[in-house]
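Thanks for coming. I have one model to go through this morning, so please have a look at it while I talk.

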Amino acid sequence: MATPAATVREEVLTLTREQIIAIIEREAQKRLGLSARDLFRRYARGELDDPGRVSDLVILSHLLPEDDELFAAA
Amino acid sequence: MPRPELSSLLGELRSLSTAYKAGDSDSFAAFRDLASKLLHLTIADSSSYLQLIGGPTGSDELLLTNGGEAPLLLNDGRFLRLSILLYRESTDRGVRMRVSESSFQYQEDQDGECWIFRYDYLRRPPEDIPGAHVQIRGSLLEDCLPRGTPLERIHFPTMRVSLEAVIRLLAKEFTVRCNEDDAVWKPALDETERAFFDIQHLPVGSPEPAPRSPGRRKLRRKK
């Protein structure tokens, strides 16, 4: 998972909602050819052939509020 | 490493373990420092580092992952994709830090197309997949799976697997070179793994119902 480059190794790199979604969008597109929204919809429905390919993105998404609209379709 | 230095190292690791188990605001950094120390005693290339990442909802839940643009580079030129979700939880003994989810993937390439094995522990996995499992990208010698099902799609259930166990596996079975001698890193991993077992959440066979993390409701900032 590529995170925004930090010029120093910050104690905690705080990402905005937009930055988190941008990472998920980019990686979901690259790995599975899906949008972030489709990724979570298919993940929740068990429709991904290999959900483990995106385990790191699923874990990252937990930094968002549970009611984030990204999960609305899931 | 001479014995006094090993004692000093083990003391440092114990201090970090105590610090992360304390559950205060420094716990996350202590866990990061501990994991980083273990990786750099063993299989990690010197350029690899770990990063704590927070989101928009507050500071009681942080992700520990590989820093920079790529997974952790290992001494064998391969990579370890690492994600550990940490949170703070109110308990009868005060606030404690816990690991709620983790994923470790050993891979040949930076992008993870050529992954080798992965250990996942997810609180809410897709239906019919055990929350804690291992997958291996390979093939079986016997023709025993349903037609067209590759071995890599099989989720072998496991208990929680620690970072220490993954490091041992890579060092001993995959012969990834370690930065210190066995006499140093083995006792170091043993020391810290005992502390991990105190904070782990044990998986059950079926996905856990919401909320994803039991401590979230108590400690999360209100929106």
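Before the first pair of residues, one term: two strands pair here if DSSP finds at least two bridges between them. Keep in mind also that this is a predicted model.

I start in chain B, with strand 5, residues 94-107. On one side, strand 5 of chain B pairs with strand 6 of chain B, residues 115-121, in the antiparallel sense over 6 bridges. In that pairing B:Y106 stands opposite B:F117 in strand 6 of chain B. Strand 5 of chain B also pairs with strand 4 of chain B, residues 79-91, again antiparallel, over 13 bridges. There the residue opposite B:Y106 is B:L80. Strands 4 and 5 of chain B are joined by a hairpin through 2 residues.

Is strand 5 of chain B largely enclosed or largely open? Of its 14 residues, 11 are buried, so the strand is largely enclosed by the rest of the structure.

Next, the core. The largest nonpolar core has 61 residues. The residues with the most contacts inside it are B:L38, B:I43, B:L64 and B:L86. Take B:L64 and leave aside its neighbours within four places in sequence: its contacts are B:F31, B:R32, B:A35, B:L50, B:L52, B:I84 and B:L86.

Still in chain B, helix 3 covers residues 163-173, and its buried residues are B:L163, B:E164, B:V166, B:I167, B:L170 and B:A171. Seen down the axis of helix 3 of chain B, these fall within an arc of 165°, so they line one face of the helix. After the helix comes B:T175, with a positive phi, near 50°.

Chain A has a helix to set beside that one. In helix 2 of chain A, residues 36-44, the buried residues are A:A36, A:L39, A:F40, A:R42 and A:Y43. Looking down the axis of helix 2 of chain A, the buried residues lie within an arc of 165°, so they too line one face of their helix. What covers them? Part of the cover comes from helix 1 (17-32) and helix 3 (55-61) of chain A. Helix 2 of chain A is followed by A:G46, whose phi is positive, near 70°.

Now the interface. How many residues of each chain are in contact across it? The count is 31 residues of chain B and 27 residues of chain A. On the chain B side, strand 1 (50-55), strand 2 (58-66), strand 4, strand 5 and strand 6 each supply at least two residues. Strand 1 of chain B gives the most, with 5 residues. By type, the chain B side divides into 10 nonpolar, 10 polar and 11 charged residues.

Strand 1 of chain B also pairs with a strand of the other chain: strand 1 of chain A, residues 13-14, runs parallel to it over 2 bridges. In this pairing A:T14 stands opposite B:G54.

A:D68 counts as partly exposed, because it has 17 C-beta neighbours inside 10 Å. The cut-off for buried is 20 or more.

Conventions
Residues numbered from 1 in each chain as written. Chains lettered and ligands numbered in written order. Predicted model: local features only at pLDDT ≥ 70, side-chain atom pairs only at ≥ 80, totals over all residues. Buried ≥ 20, exposed ≤ 12 C-beta atoms within 10 Å, placed from the backbone. Helix = DSSP H or I, 4+ residues; strand = E, 2+ residues; numbered from the N terminus. Arc of directions from axis to C-beta. Contact = placed C-beta atoms within 7 Å. Nonpolar A, V, L, I, M, F, W, Y, C, P; charged D, E, K, R; others polar. Core = buried A, V, L, I, M, F, W, Y, C linked by C-beta atoms within 7 Å.
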